[in-house]
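Q: I'm new to this one and would like to learn how to read it. Could you walk me through it, feature by feature?

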Amino acid sequence: MAREIGIGTVSLGWMGQLHTRAYRRLLDHYPECELRPRLVIAADAVEERARDAADRLGYEGWTTDWREVVEHPEVEAVSIAAPNYLHREVAVAAARAGKHIWLEKPCGRYPSETYDIGKAVGEAGVMSMIGLMYRHAPVVEYAKEIIAAGEIGEITHYRGYFLADYAADPNGALTWRYKLGGAGLGVLGDIMPHSVDMAQNLIGPIVGVSAQRETFIRTRPEVPEGMGTGHFTVEGGTRGTVENEDYASGLVRFENGARGTMESSRTCVGPHVRNGFEVNGTRGALSWDFQRLNELELYRTDGTGDRGYRTVYAAPGMGDFDRFQPGAGISMGYDDLKVAEAERFLSSIADGRQRAASIHEIVSTMRVVDAMERSCETGGWERVGDSTGATAAAGERRAGGGA
Ligand SMILES: NC(=O)c1ccc[n+]([C@@H]2O[C@H](COP(=O)([O-])OP(=O)(O)OC[C@H]3O[C@@H](n4cnc5c(N)ncnc54)[C@H](O)[C@@H]3O)[C@@H](O)[C@H]2O)c1
């Protein structure tokens, strides 16, 4: 018999609403889950959105003060889907209050903030889950198995990319995402962590990087704080400065000797969310693109002798596919990956066995981002893990606190 677990959520923008839907759908897909989510209270700084928590989303209570969520005695686990500038404060407070946390990437504005969260989570001994859900796509889990079993040989080449157009319109509003005080890093924090986590999940640790970055659209229309969520355009009005990067890319060196590249852009006209990877081994290759979530391109050299990739479709037996669909060719969707993430979070709490991706994986990811940021400054190769804290401190000085 499932035990109830009190859930609190901080922020109800895109991700906060998605976490909420994931909790609501959890037992439909994972009926044996030992924990039954009870939506206790949610917070958003915008009162209308906070009220919506109770009116529409199914929470028993709402507030405009996130501290009420973290301190609520009936809340055992907190979803943190706030803008980056709140990650550290909310996550550290939640961990210190003994609450388990499901926290969105990048877990702070800068790697130094992620490390602080990691320390607090470790000291409190609470469970953590990070919004790195692309790793739960069934064909990605299948790709991981193929690579780990050595079926495509020694991995020699890796290309990871996240090419998006969500900021390609110069009239896209200057929201918190473009400010040092609000987001901190630009794409190095926003989407590069997805590519780095995926690479380390599939291939193993990245040990060296050489990176570059650029801001292609340097001004955007100003909007009042708290207006809107997500991405929207504004015609006319005053334009303010974009304070972080639109683009970053780098060469990477893996511990196992593989070499590769990583590229992230939010202003790339053409692809919408071209988030994926290409892996080449000595006996085969595979590739995946989020825009074709349920398809893996796979090439094995030891088969019939045919040359070329073939498409392998997500099917029962791959990852959690059969939790969502009964047969190959019936598509899973983006929101489903978040339900799978919710299951890993609550199962970790239920039996005390931490599932990935936890705070450990995002700390490891942000060490790579940290090295990329250093490399952007120095122009040379940087070793992962060599952080002196200097660039993080410089970043924090640039950010100047607050949003
Ligand atoms: N895992 C993923 O793939 C993924 C995708 C999108 C966003 N994210 C992450 O999720 C987080 C939120 O992104 P989003 O797209 O939902 O943003 P959003 O702009 O849609 O929503 C942010 C929400 O935070 C609220 N907010 C602002 N200040 C607050 C405060 N002091 N207290 C409570 N609420 C406050 C805003 O009113 C808004 O409702 C970011 O850290 C982002 O990096 C992750």
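Q: At what angle do helix 1 and helix 10 pack?
A: Two packed helices are described by the angle between their axes and the distance between the axes. Here, in a predicted model, helix 1 (residues 14–29) and helix 10 (residues 334–351) pack at about 70°, and their axes are 8 Å apart. That makes helix 1 roughly perpendicular to helix 10 (the word covers angles of 65 to 115 degrees). Axes are lines fitted to C-alpha atoms, for helices over the stretch in contact, with angles from 0 to 180 degrees between N-to-C directions. Helices here are DSSP runs of H or I with at least four residues, strands are E runs of at least two, and both are numbered from the N terminus.

Q: Which residues of helix 1 meet helix 10?
A: Contact means heavy atoms within 4.5 Å. On the helix 1 side you'll find, among them, Trp14, Leu18 and Tyr23, while the helix 10 side includes Tyr334, Val339 and Phe345. The residues of this contact divide into 11 nonpolar, two polar and six charged (Ala, Val, Leu, Ile, Met, Phe, Trp, Tyr, Cys and Pro count as nonpolar, Asp, Glu, Lys and Arg as charged, the others, Gly among them, as polar).

Q: What is the order of the strands in the open sheet?
A: Strands of a sheet pair through backbone hydrogen bonds, either parallel or antiparallel. Two strands pair if DSSP finds at least two bridges between them. This open sheet has nine strands in the order 16-15-14-13-7-12-11-8-17, with mixed pairing. Strand 16 (310–313) and strand 17 (382–383) are the edge strands, each pairing on one side only. Inside the sheet, strand 14 (residues 284–289) runs antiparallel to strand 15 (residues 295–300), joined by four bridges.

Q: What should I know about the numbering and the values?
A: Residues are numbered from 1 along each chain as its sequence is written, and side-chain values use heavy atoms, leaving out hydrogens and water. Local features need pLDDT of at least 70, side-chain atom pairs count only at pLDDT 80 or more, and totals for chains, interfaces and linings use all residues.

Key:
Angles under 35 degrees count as roughly parallel, over 145 as roughly antiparallel, 65 to 115 as roughly perpendicular and the rest as oblique.
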